[in-house]
Amino acid sequence: MPAPQTLLLGAAGFIGQHIAIALRDAGHNVLACARDTRRLTAMGFDTLAADLTDPATHSPEFWRPHVENCTRVINCAGLLTGRDADFEAVHVAAPQAVYAALPATARGVLISAIGINADTPFATYRRRGEKAAQAAPIPVTILRPGLVLADGSYGGSSLARALAALPMVTPVVGNGNQPFNPIHADDLAALAIEAINADTPAQPIEIGGPGEITQAALLTSLRAWLGLRPARILHLPLPLARLMGRIGDSLRLAPISATSVQQLEQGVATDITEQSRHFQTRPRGFAAFLRARPSQTQDLWHARLYLLRPVLRLTLALMWLASGLIGLLLPVDSFLPYVSGLLPDTMLIVAARITGAIDLLIALALLRAWRLKQIAWLQFAMVAGYTVGLTLINPALWLAPFGGLLKNLPILVLIMIHRVLEEER
């Protein structure tokens, strides 16, 4: 008979990967479930590829053949941003199907989040996910961590590093005195493993590290860890910070969002009284785990590139918007003299208008952050196509004043950098 397994949902995520390693180190036979399981397979895990937004995963029948030997489940799956339908699928519908499919003797843990009483999609569906766990036919312990840090970063922890690495200033929301008690992802993983093997309360348990640190001190410490000189604290007025959050939501600049601004505005401190009462694991404090590993070059690169990533996307969107409007609206006699000769004028005019429309669609896709990795290849193909086509029509454009076609070379490089930066998972 196959050995009992522990099903791990969201195993490819920031927290999920730490829990997967910790489970394996603790002797568990892990079934790592994620939308893309290639990295997990390469790490030696048994894997189950499943997209939790797929309606097929919302039926217990989908899961039963896979979880018949699972005696434990840890649910790390979650979204920071997305459509309501995706939030409902990932936080509610798919977990409900998993809980129903597991053997009656199984136990579970849900990794939820602190501060989910806000009126945001993230908070709303986290609450609904907790209700689904509490109504499950198996016992599910709900853990609510605050700010989770680790050797790597994702989401809020990436934003904290990026803010700490800004040149000249370190921005904080409001007065910067908001409290945090971060927990290392490895310590959270140890608590989750302890929770699936113990009788714990039905009510959610807040999870965090010992001691508190202010927002300003947290960012200052991260800046020093990155090896950067101290910078002046820049206090962002709350109305300005909230406006930036709303703009981030509208342009899909996560984790610059109303939710992240609200968390920075209020702080992310957890009450660890119940955690200390029910668990033997004693997490390290922020200073202890920050000093446990020196920062590397890649840490500094990531911190400095993180906020340049949305800037690059919006810059490319502006370029394509301008290019599209020019292609659609520029008078014919303004561009025909430069491209006439190889093809009929009528064909050149039609091509200019069609490519202008395509350029506008690319700009819209970039502004809405729609399929960015695929759109990057389309951008590359369009610029390369323009370059080759115009070279054939009029090679002298390479020698045009102010750069001409020569400017397309750095644009192609920027598009490739944009494509690389969008590869988060």
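This is a predicted model: local features need pLDDT of at least 70, side-chain atom pairs count only at pLDDT 80 or more; totals for chains, interfaces and linings use all residues.

Start with Arg-126. Its place is in helix α5, which covers residues 121-134. Arg-126 is buried, yet it has no salt bridge. Which side chain of opposite charge is nearest to Arg-126? That is Glu-130, and it is 7.3 Å away.

What does the side chain of Arg-126 reach instead? It reaches the backbone oxygen of Ile-111, at 3.0 Å. Ile-111 is also among the contacts of Arg-126 once neighbours within four places in sequence are left aside. Ser-112, Ala-113 and Ile-116 are on that list too.

Now the chain as a whole. Its secondary structure comes to 18 helices and 13 strands. The C-alpha trace spans about 80 × 55 × 35 Å along its principal axes. The chain has 425 residues, and buried ones make up 47% of them. Take the contacts with a separation of 6 or more: residues 24 or more positions apart account for 77% of them. The chain exposes about 20,700 Å², and carbon and sulfur atoms supply 62% of that area.

The chain carries 35 positive and 30 negative charges. Their mean positions are 5 Å apart.

Two backbone angles complete the look. Most residues other than glycine have a negative phi. Met-168 is not a glycine, but its phi is positive, at about 75°. Where is Met-168 placed? Its place is in the loop between α6 (156-164) and β8 (169-173). Met-168 counts as exposed because its relative accessibility is 71%, and the cut-off for exposed is over 50%.

Arg-371 also has a positive phi, near 45°, and is a residue other than glycine. This arginine is found in the loop between α16 (345-367) and α17 (372-393). Is Arg-371 exposed or partly exposed? It counts as partly exposed, because its relative accessibility is 49%.

Arg-371 is partly exposed and lies in a loop.

Methods:
Residues are numbered from 1 along each chain as its sequence is written. Side-chain values use heavy atoms; hydrogens and water are left out. Helices (H or I, at least four residues) and strands (E, at least two) are DSSP runs, numbered from the N terminus. Buried means under 20% relative accessible area, exposed over 50%, partly exposed in between (1.4 Å probe, protein chains only). Lys and Arg count as positive and Asp and Glu as negative; His and the chain ends are not counted. A salt bridge is a side-chain nitrogen of Lys or Arg within 4 Å of a carboxyl oxygen of Asp or Glu. A polar contact is a pair of N or O atoms within 3.5 Å; within protein, one must be able to donate a hydrogen and the other to accept it, and residues adjacent in sequence count only if both atoms are side-chain atoms. Contact means heavy atoms within 4.5 Å. Accessible areas come from the Shrake-Rupley method with a 1.4 Å probe; for residues, only the protein chains shown count as cover. The place of a charge is taken as NZ of Lys, CZ of Arg, CG of Asp or CD of Glu.
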